[in-house]
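Please consult the sequence and the structure below before reading on.

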Amino acid sequence: MLLYKPNSHPDIMFVTKEFTFDSAHFLPNYHGKCENMHGHTYRLQVVVDGPLDSEGMVIDFALLKKIVKSKVLDKLDHQTINDIIKTPSAENMAIWIWEQLVDSSELPNEVRLHEIKLWETPNSFVTYHGK
Ligand SMILES: [Zn+2]
């Protein structure tokens, strides 16, 4: 039997989890569809990077899910985003989500937040790298 034993680990690998949440918002300074209170099913992609540990993992998917749930989803899901973020465009929401996650002490050593993607509709999304 041939067992695959990787002997040249990549230095860094990217790990992604996807989530959806439902929230209401309105854009107070905008004239158009998003001016009045309404809801979206947002789709969120969180990408972290880091080296592989002795288990061959960057981070346990279950841990990444737990962190995003407690830091982000529990605060935004079924809420009015305007109560949390003053002008809740997808761009401002991505920055807020980044800030909730970037300094999480629950992330394993050497694992860093790499990218946030936030879909406001199935074909409209923003990407943020924290700079
Ligand atoms: Zn909207």
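**Zinc site, cavity and strand residues**

The donor residues of the zinc ion follow the sequence spacing H-x8-C-x3-H-x1-H. The model is predicted, so that local features require pLDDT of at least 70 and side-chain atom pairs count only at pLDDT 80 or more, while totals for chains, interfaces and linings use all residues. Residues are numbered from 1 along each chain as its sequence is written, and side-chain values use heavy atoms, with hydrogens and water left out.

- The zinc ion is coordinated by H25 (NE2), C34 (SG), H38 (NE2) and H40 (NE2), at 2.0 to 2.3 Å; donors are N, O and S atoms within 2.8 Å of the metal (3.2 Å for Na, K and Ca), and sites may look incomplete because water is not among the atoms.
- The angles among the 4 donor atoms are 97 to 128°, and the site is tetrahedral, a label given to four donors if all angles lie between 85 and 135 degrees.
- C34 counts as buried because its relative accessibility is 12%; buried means under 20% relative accessible area, exposed over 50%, and partly exposed in between (1.4 Å probe, protein chains only).
- H40 likewise counts as buried, at 13% relative accessibility.

**Cavity**

- The structure holds 1 cavity of 30 Å³ or more, a cavity being a set of points on a 1 Å grid over the protein atoms alone where a 1.4 Å probe fits but cannot get out.
- The volume of the largest cavity is about 40 Å³, taken as the space filled by probe spheres set on the grid points, which are joined across faces, edges and corners.
- Its lining is formed by V46, V48, L64, I67, L101, L107 and L113, where lining residues have an atom within 4 Å of a point.
- Two or more lining residues come from each of β2 (38-50) and α1 (61-76); helices (H or I, at least four residues) and strands (E, at least two) are DSSP runs, numbered from the N terminus.
- The lining comprises 7 nonpolar residues, no polar and no charged ones; Val, Leu and Ile are among the residue types that count as nonpolar.

**Strand residues**

- Q45 lies in strand β2 and counts as buried, at 13% relative accessibility.
- Not counting residues up to four places away in sequence, Q45 touches T16, K17, E18, E115, I116, K117 and W119, contact meaning heavy atoms within 4.5 Å.
- Q45 and K117 are 72 residues apart in sequence, yet their C-alpha atoms are 5.0 Å apart.
- T121, in strand β3 (residues 112-121), counts as partly exposed at 26% relative accessibility.

Notes
Tetrahedral: all angles 85-135°; square planar, octahedral: opposite > 155°, others 65-115°. 1 Å grid on protein atoms, 1.4 Å probe; cavity = no way out; pocket = protein on both sides within 12 Å on 5 of 7 lines; lining within 4 Å.
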